[in-house]
Amino acid sequence: MRQTVVFPSGSVDYIFQSSVEELLKGYEKGQAVIITNEHLFKLYPHLFKLHKTLVLPPVESSKDLRTIDSLSRQLLEAEATRKTTLIGIGGGVVTDITGFLASVYMRGVPFGFVPTTLLGMVDAAIGGKNGVNLGFNKNIVGTINQPEFILYDMAFLQSLPNVEWSNGFAEIIKYACIFDADLFAELEGKNISHYKNDAADLVNLVDRCANWKNTTVIADEHEKGIRKLLNFGHTAAHAIENLYELPHGKAVAIGMVIASMISEKISGLKPTDTHRLKELLELYNLPVHQKVNTYKAMEILKMDKKRNNENVDYIVLEAIGRAAIRSLPLTIIETVFSDYESHN
Ligand SMILES: NC(=O)c1ccc[n+]([C@@H]2O[C@H](COP(=O)([O-])OP(=O)(O)OC[C@H]3O[C@@H](n4cnc5c(N)ncnc54)[C@H](O)[C@@H]3O)[C@@H](O)[C@H]2O)c1
Ligand SMILES: [Zn+2]
C-alpha cells in the first residue's frame, strides 16, 4: 500500500507493509547505494547482496562530519552519480546520515529511508530534517530535504532489542504529551509487551504518531512555529545526550521530566501531571533520574540552535496533550536544572 504525503518542499511516498527486497529489486545494478550499520548488515545479510552497501559502526558517534567525508569518498570511488539513489536502512543514526549525505553529495541526489527502529518509524525518518553532530552539540550541521520514499516493514521490529523499544516509546510519549491526551491515557493502560503482541494495535500506534509528525511538518516545514512543539523534551535532552552517552530516547525521557518541571513554574502544569508523566515513562522502562552536571549541561544548552540572545525557545506543557512555545531566560532553565541535579 502506498500513500503520497505532500510537504512544501516535496512529496514523499509512504510504502506500508511492503517487502524491502522488492523495492531494492526495482533498482538496476549501480543505480542505488545502500547505507546501513554493522548490526543490520549481520542480521539481514540477504538485503545487502543486490547493491553496493556502505556499512557504518552502530553508534551515535558515527553521526559526524568525518563520516560524511568518508562516505562521500566511497560514493565517488563507487562512481555514484547524480542519478544514484541512496537508501538508508537502519535507525535514526543511519537515516540522518543518509539524508544529509544525499543532500550534499553532488549538491543533492535522490534518497529514501527504510526505518528499522520504532523510533525511526514514528519520528526520525519523517520530516526531512537530516543532520550530524559536532562533538557534544547534536544535529548542528544539517539540511531540510524530503526523501523520495519511506518504506515501513514492521517485521524489522522482531529483532529490535527491548531497550530500543523503550527508546521508541520516548518519542511516542512525546506526541501524547504535546498533542494527544487520549493517546496518553491509552498508553497508561498498556505496555511494551502488549504492543509487541498485538500487531494491529502497534500498526495503529505507529500510524497515529507518524500522522502527528506529518501534519505538523506540512504546516511548518522550516520550523518557524508549530514544528517547534516537536522539540518538547529535546532542549534538555540535547544538553545531556552526548555528554553522558545516553541513547536519544533515554535523553528525551529525562528532557521531558525537566520540561515538565519548567512547565509547573511557567505554564501552570499541575504537579500531578508531572507525576503521571514520570509513571508513564517508568511503565515503558524509561529513566526519570539521571546524574547531571548543571554547569556542563548549560554550556551545551547555550549553543542550542533554538537560542535567541539570553533566551531559549522552550516547549512547555499547559496540560497533558497541550503544549506551548515560551521564550525563557537561561536563568530559569538553570534553576530547574540545579533543582533536578540536587534531587538525582
Ligand atoms: N531527523 C529527525 O527528525 C530525528 C528525529 C528523532 C531522532 N533523530 C535521531 O535519531 C537517532 C536515534 O535513532 P534510533 O533510536 O533509531 O537509534 P540508532 O539508529 O542508534 O539505533 C539504535 C540501535 O538499534 C539497532 N537496530 C536498528 N534497527 C534494528 C533492528 N531492526 N534489529 C536490531 N537492532 C536494530 C542499531 O544498530 C542501534 O544499535 C539520534 O541520532 C537522533 O538524534 C532524528
Ligand atoms: Zn527526538
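Visitor: Where do the domain bounds of this model come from, and which domains does the assignment give?
Guide: Domain bounds come from an automatic or database domain assignment. The model itself is predicted. For this protein the assignment gives domain 1 (2-159) and domain 2 (166-342).

Visitor: What separates the centres of domain 1 and domain 2, and how many residues does each give to the contact?
Guide: Taken over C-alpha atoms, the centres of the two domains are separated by 25 Å. The contact between them takes 21 residues from domain 1 and 24 residues from domain 2.

Visitor: Which element gives the largest share of the side of domain 1 that touches domain 2?
Guide: The elements that give two or more residues to this side are β1 (2-7), α5 and β8. By class, the side has 12 nonpolar, seven polar and two charged residues. The largest share, five residues, comes from α5.

Visitor: Which residues come nearest to ligand 1?
Guide: The shell around ligand 1 draws at least three residues from each of domain 1 and domain 2. Elements that each supply at least two residues of this shell include α4 (92-104), α5 (118-124) and α11 (248-266). Of the 30 residues around the ligand, those that come nearest are His39, Gly91, Gly92, Val93 and Thr117.

Visitor: How many residues of each class does the shell around ligand 1 have?
Guide: Among the elements that supply at least two residues of the shell are also α2 (38-43), β8 (137-144) and α6 (162-179). Sorted by class, the shell has seven charged, nine nonpolar and 14 polar residues.

Visitor: Why do the buried residues of α7 line one face of the helix, and which elements do they pack against?
Guide: The buried residues of α7 (residues 181-188) are Leu183, Phe184 and Leu187. Seen down the helix axis, they fall within an arc of 105 degrees, so they line one face of α7. The elements against which these buried residues pack are α6, α9 (199-219) and α12 (271-283).

Visitor: Which residues have the most contacts inside the largest nonpolar core?
Guide: In soluble globular proteins, nonpolar side chains tend to be buried together. Here the largest nonpolar core has 97 residues, and those with the most contacts inside it are Ile173, Cys177, Phe232, Ile240 and Ile258. This core draws at least three residues from each of two domains, domain 1 and domain 2.

Visitor: With which residues is isoleucine 173 in contact, leaving aside its neighbours within four places in sequence?
Guide: Isoleucine 173 is one of the residues with the most contacts inside the largest nonpolar core. Leaving aside those sequence neighbours, its contacts are Leu187, Leu280, Leu281 and Tyr284.

Key: Residues are numbered from 1 along each chain as its sequence is written. Chains are lettered from A and ligands numbered from 1 in the order in which they are written. This is a predicted model: local features need pLDDT of at least 70, side-chain atom pairs count only at pLDDT 80 or more; totals for chains, interfaces and linings use all residues. A residue is near a molecule or strand if its C-beta atom, placed from the backbone, lies within 6 Å of it. Helices (H or I, at least four residues) and strands (E, at least two) are DSSP runs, numbered from the N terminus. Ala, Val, Leu, Ile, Met, Phe, Trp, Tyr, Cys and Pro count as nonpolar, Asp, Glu, Lys and Arg as charged, and the others, Gly among them, as polar. A residue is buried if 20 or more other C-beta atoms lie within 10 Å of its own, exposed if 12 or fewer, and partly exposed in between; C-beta atoms are placed from the backbone. The arc is that of the directions from the helix axis to the C-beta atoms. Two residues are in contact if their C-beta atoms, placed from the backbone, lie within 7 Å. A nonpolar core is a set of buried Ala, Val, Leu, Ile, Met, Phe, Trp, Tyr and Cys residues joined through C-beta atoms within 7 Å.
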